Amino acid sequence: MACQSVAAVMDEQALLGLNPNADARYRQRAMAYFEQLKESQDAWEVCAEALAKGIYSDDHVKFFCFQVLEHQIKFRHAGLSVVQQQLIRETLMKWLQCQLMNAQPEKPFIRNKAAQVFALTFVMEYPTLWPKFFFDILSLVGLNPHGVDVYLRTLMAIDAEVVDRDILHSPEETRRNTLIKDSMREQCILSLVESWFQILQTYQQSHPELTCQCLEVVGAFVSWIDLNLIANDRFVNLLLSQMSVDELREEACDCLFEIVNKGMDPVDKTKLVESLCQVLQSAGFFNVEQEDDVDFLAKFSRLVNGMGQSLVLSWTKLAKAGNVKEAAETLQAVEAKVPLLLQLLVHEDDDISANIVGFCYEYLHVLKQLPQLTDQQKTNIEAVMLAVMKKLTYDDEYNFENEGEDEAMFVEYRKQLKMLLDRLAQVSPELLLEAIRRVFTNTMQNWQTASFMEVEVAIRLLYMLGEALPASHGAHFSGETVKTSALQDMMRTLVSCGVSSYQHSSVSLEFFETVVRYDKFFLVEPQHIPNVLMAFLDQRGLRHNSPKVRSRVAYLFSRFIKTLHKHMNAFIEDILTRIQDLLALALPENGFLALLTSDDQLFMFETAGILIVNGESPAERKQALMRSLLAPLMDAFHLLLAKLLQETEEERQAALADCLSHAVGFASRTSKAFSNKQTVKQCGCTEVYRDCLQTFLPALSCPVQRGALRSSVRSFLHRMIICMEEEVLPFIPAASEHMLKDCEAKDLQEFIPLISQITAKFKRQVSPFLQQVFMPLVLAIFEVLARPAEDNDQAAALEKQMLRRSYFTFIQTITGSGMNEVMANQGAENIERVVFTIIQGAVDFPDPIAQKTCFIVLSKLVELWGGKDGMVGFPDFIYKHIVPACFLAPLKPTFDLSDAQTVLTLSECAVTLKTIHLKRGLEFIQFLQQEYLPSLQVSPEISQELCQVLQQPDVKVLKSYIKAFFQRAKL
């Protein structure tokens, strides 16, 4: 009968919606039913009954019932009656009893959810309401496999709730967890440990998966229970026997790792590790070369790494404390592990090797601290060096043209090896330099017959020396040292032995990377520059058959030329001729694949610009070269823009706009070559760039693909403002007019920095233009901000917020640039409208970045117009609007005084008040005391206090006071 009554109570239609394949209507009903059961005082009890009696066979319904129960325990436990709390306990125990009798266990996801619910109940009720939690479970479960499985999963769920250090807990939860652990140590840990031993012993052959689960539990709990309960003969012998069982050995290894990792006294830790090592060694586990199970060896390597790092930590503590004898014994123990470390480090499987890197790194750190190295330690260092050099080598399977996950993992592993190499350099730079020199020289002598892996790693090692043996600003070749001459010899060999012709992309890349890392070598031996230039320019570099090599070489070539431009004079025109075809704009319709991508071409144009600008030719020649570089871009731009205006198909329009943007971007990039010493004017290039401006600006009025075109032309204008100085000014008004037509929030947001840049750079020179453009720009901003948007359109809201910030920053630039007349000449109505938006920005929008800018603007306006000879009517505006803004903004609930950005806003608010006092004097103090502060119900005492602080000369005092004033006001 019970079954029928529950069926009648539970909403069967809603339960259908729990099936992942159910249609949306049923799923919504199921969600609504879930909410209803969660919120009801007692409706959840039907779920408890369904679980206790095993009424439903559908897995989704069982999971659902546990979810409802979980919600009650997690969020409503304190409000449950004693009877209801007892019902939960009984439900769980009855469900568990059913598991013992079932032929088949529940699905893992249900067992995991049940374990979570058990764990939550435990956390809420132990040790007060359910002190016999573990006793009840263990006495029910015994050694029944299904029961043991749930018991072990529950222990792992308890570990996640109570112990796991990766989960952040509130102070209250931390106190609760400490109480639980203390109670468990006193009352039940002995029983738990005994149960683990029984499970490990009983099930190691019949149920290896349970044994593995149990090993995981022991590993999790060992960090906070008495170690002697686990680190004893019977447990360790059992774990060691399981290290020899294929299905158990990896988990047994992990369990031993957790035991070794437990924090403890350094002397005890050394003893523990040594006794464990002894047993492992005598059991034959140190014979790594005889083991072919790489997954197990990876775990074993992690265990050895843990043991090694534990010993190093013990040595560090003992050495620091001055325990000479124990420190020496621990160091001896560390040294004894080095042969095993080396075996694992050099293992052909990278996972096994990677897992021991930590210990190796720490060991080298120990050696670095020793006053003197023994011969054995020097031998160890050399062995580590050889291992690192060997392991840095690529294997045959590495796919250079299509790098996937395996390749990414090897790249990460190489970074770890680089850390070891850097550490080796700190321990013994001479040894490292000599070892690399030996490998490098031998390989370069025979590069024609060596494998690509050997050649690549030899050059790679030379490259890595640059960071391992640092020099200030890359000056590896100055000063007469052993290092300098060794590096110089190796670089000379690299560039003259012909290895740049090696037919493998990894060798080509490493060659150019190394040449550029040590580009200062060519300042010392410039005779090698022509050979290296040819390597860059021919099929070894920019014309290599691998796109990846070509792309990287384009970037490296630009860096090479930047460093050595003073030595390039003899080669400039030859280089420009050789790279001419690489500078061609890839037109959308020609269909042939270019050697370089448009991003790579940016570096080529920059390189060409640097060669022309820094050459020693007269200005006329520089101008001719720059024109021949830029004229093809201008010609192509004319043609493409005309095509775009006629094109109707959107995809073709986008391709043409893309190409036009590239043309502008390339021209823009050439201007990076100019500097304060080599200006556009001095190089005679003004006219060429003026022609570029005349060519590119018509694109601003193009009715299609506006976003891409405006963005590229705007970037070009930014560059020209820097490079062409006032020569650019005639082009600005027309460009601005086009950019303000039909604009979106993003267009305006990007246009404002351009106007701000002009304002900051040219100041009074552009005052007439700014007076003319000021209101059109402001009105365009107002129009965009006033456009309606969907309530939940976050992207549009963010765009508006960014535009608002840009607008306030623009007003700040105008007011702060000393051009009072720009705003003053806009007419009283417009001025008032703009200043009102600043007041609104300071008070109404909860955006501390914008609010801070608004208060800076208000301070400036008070300074400009608030004095005796200021703007007519402005003092009245100060009292009516600016003073209230200084109080209303910080009083808003959204003004969070614990937020750092908001505190900066409050500081600017205080500066505004101080500026008003400086401009209006006693009149302002009287206004505050007699009119404004009383209207806010501020007491006369506090009012007087504030006015006294305002009159003090130091604004810092006011800033501190204002913060305290508003903190009190908000209480």
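Modeller: I start with the pair Arg249 and Asp246, which form a salt bridge with their closest N and O atoms 3.9 Å apart. A salt bridge here is a side-chain nitrogen of Lys or Arg within 4 Å of a carboxyl oxygen of Asp or Glu. Arg249 is buried at a relative accessible area of 7%, whereas Asp246 is exposed at 57%. Buried stands for under 20% relative accessible area, exposed for over 50%, and partly exposed for what lies in between, with a 1.4 Å probe and protein chains only.

The model is predicted: local features need pLDDT of at least 70, side-chain atom pairs count only at pLDDT 80 or more, and totals for chains, interfaces and linings use all residues. Residues are numbered from 1 along each chain as its sequence is written, and side-chain values use heavy atoms, with hydrogens and water left out.

By the salt-bridge rule the count is 55. In general, side chains of opposite charge can pair when their charged atoms come close. Helices are DSSP runs of H or I with at least four residues, strands are runs of E with at least two, and both are numbered from the N terminus. Asp691 is partly exposed at 23%, and Arg627 is partly exposed at 27%.

Another bridge joins Arg714 and Glu750, at 2.2 Å from N to O. Arg714 sits in helix α35 (residues 706-724) and Glu750 in helix α37 (residues 745-762), so the parts tied together are 36 residues apart in sequence. Arg714 is buried, at 3% relative accessibility, while Glu750 is partly exposed at 27%. Salt bridges also link Asp59, Lys62, Glu106 and Lys107 in a network.

Gln705, in the loop between α34 and α35, has a positive phi near 50 degrees although it is not glycine. Glu725, in the loop between α35 and α36 (732-739), likewise has a positive phi, near 55 degrees, and is not glycine. Gln705 is partly exposed at 24%, and Glu725 is partly exposed at 35%. Most residues other than glycine have a negative phi, and most peptide bonds are trans. A cis peptide bond joins Tyr126 and Pro127, with omega about 5 degrees. Pro127 lies in the loop between α7 (108-125) and α8 (133-141).

Glu790, Asp791, Asp793 and Glu799 form a patch of negative charge on the surface. Patches are made of residues with over 30% relative accessible area and no salt bridge, like charges being joined within 9 Å and nonpolar side chains (Val, Leu, Ile, Met, Phe, Trp, Tyr) within 5 Å. Asp and Glu count as negative, Lys and Arg as positive, and His and the chain ends are not counted.

Methods:
Areas by Shrake-Rupley, 256 points an atom, 1.4 Å probe, with all protein chains shown as cover. Charge placed at Lys NZ, Arg CZ, Asp CG, Glu CD.
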